[in-house]
Amino acid sequence: MLRPRTSKMPILDLLKKIDIEKPVRIMEVCGTHTMAIARSGLKQLLPSNIGLISGPGCPVCVTHQQDIERALLLAAEPKVTIATFGDMMRVPGSTGSLQDIRARGADVRVVYSPMDAVNLARENPEREVVFLAVGFETTAPTVAAAVLQAAQSDVNNFSILSLHKLIIPAMAALLNDPETEVDGFLCPGHVSTIIGTEPYSFIPEEYGKGCVVSGFEPEDILESILLLAKQIKYKEYKVENQYTRGVRKEGNRTALALMEKFFEPHSVLWRGLGPIERSGLKLRPQFDRFNAEKKFDIHDAKVQASPVGCMCDRILKGKQRPEECPLFGKSCTPASPTGPCMVSSEGACAAEYYNA
Ligand code: SF4
């Protein structure tokens, strides 16, 4: 029986006791939360007036189609070796995926950390190794550490294509969108270990909405929903931290300083959310020699925002659920994905498919 730390009554009973007048929509913006919610069947357990929706929490899913095309163009360069996390391999582009282009002879490797990519460059000095740097604030410090390592050991055939995204501007964009009706956020535990809880304060202060930084166990998520439900019921909106064992108010200052030293914010395109000001990270000019965009002539092709028939755009904004997509589980499955939300294990469609 799941109980909050402050009460002996099971969380679900407490949730049922909170009589919220209207239906509420709570959005999670973290792929690990999406998976944990689907695996534990939490949506089905909640009172019918509390709905959970997935937002832009999967880094592979929010990578814009234009950036997928740029990665494919780079992979086609004869001297280039692409190093990437596995999830990026199967995202469909206009000429196939990175996996397809590898089958046609391109040198594309799966790595488990950015440091692996630096080692790959060191071991293959005749190649130009480009790491596809995808991820939120959780990943960016490790990529900064890899660039630092490359700089200190003169590995000059290493560079990154920075596709990093920042979650705070995306949450603000969602709140500014009149079509996205969100009553509160489950804030991402991993990202918050880096940025802390302070950056979320604009949510209650400027938008009058609730938010709770949540851990990843079903008990954590249920307790966070209970805290949010209370905020909504009593209209006492604030930033609460349920994940106190992992997240401090000030975040991780060392990681933030490393990120700050190597990266600066810039405006980027998100799949589903479109252009958002200062929502991406690019390398600072003093590190241009590690910036793939400066090293290579990568032109932007005109691309469709999403594959034909795919509703990832709407799913990432919480406007549609995976099972409402006509392709879900039919022509689009994890074995043969049409869009990125079915590719990544953190994607809303894959999470729903595996746990339906
Ligand atoms: Fe796109 Fe497939 Fe999800 Fe439909 S089920 S939105 S096609 S990824």
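R278 belongs to strand β11, residues 274–283. Here helices (H or I, at least four residues) and strands (E, at least two) are DSSP runs, numbered from the N terminus. Although R278 is not a glycine, its phi is positive, at about 45 degrees.

K235 is a residue other than glycine with a positive phi, near 55 degrees. Its place is the loop between α12 (218–234) and β9 (239–241). With a relative accessible area of 62%, K235 is exposed. Most residues other than glycine have a negative phi.

## Basis of the model

This is a predicted model, in which local features need pLDDT of at least 70 and side-chain atom pairs count only at pLDDT 80 or more, while totals for chains, interfaces and linings use all residues. Residues are numbered from 1 along each chain as its sequence is written, and side-chain values use heavy atoms, with hydrogens and water left out.

## The surroundings of the ligand

The ligand takes up the space of the largest cavity. On a 1 Å grid over the protein atoms alone, a cavity is a set of points where a 1.4 Å probe fits but cannot get out; a molecule sits in a cavity if more than half of its atoms lie within 2 Å of its grid points.

The residues around the ligand are C310, M311, C312, I315, C325, L327, F328, C332, T338, G339, M342 and C349, where a residue is near a molecule if one of its heavy atoms lies within 4 Å of it. Sorted by class, this shell holds 10 nonpolar residues, two polar ones and no charged ones. In this scheme Ala, Val, Leu, Ile, Met, Phe, Trp, Tyr, Cys and Pro count as nonpolar, Asp, Glu, Lys and Arg as charged, and the others, Gly among them, as polar.

S162 lies in strand β6, residues 158–162, and is buried because its relative accessibility is 10%. A polar atom of the S162 side chain lies 2.5 Å from the backbone oxygen of L281. Apart from neighbours within four places in sequence, S162 is in contact (heavy atoms within 4.5 Å) with A133, F263, L281 and K282.

N157 is placed in the loop between α8 (140–152) and β6. N157 counts as buried, at 9% relative accessibility. Its side chain reaches the backbone oxygen of A121 at 2.9 Å. Neighbours within four places in sequence aside, the contacts of N157 are A121, N124, P125, R127, E128, V129 and K295.

S48 is located in the loop between α3 (42–45) and β2 (50–54) and is exposed, at 81% relative accessibility. S48 and P23 stand 25 residues apart in sequence, with a C-alpha to C-alpha separation of 7.9 Å in space.

I50 is part of strand β2. I50 counts as buried because its relative accessible area is 6%. Residues up to four places away in sequence not counted, I50 touches L15, V24, I26, I225 and A229. The C-alpha atoms of I50 and K16 are 9.8 Å apart, and these residues are separated by 34 residues in sequence.

Terms used:
Buried < 20%, exposed > 50% of the residue type's maximum accessible area, 1.4 Å probe, protein only. Polar contact = N/O pair within 3.5 Å; in protein donor to acceptor, adjacent residues only side chain to side chain. 1 Å grid on protein atoms, 1.4 Å probe; cavity = no way out; pocket = protein on both sides within 12 Å on 5 of 7 lines; lining within 4 Å.
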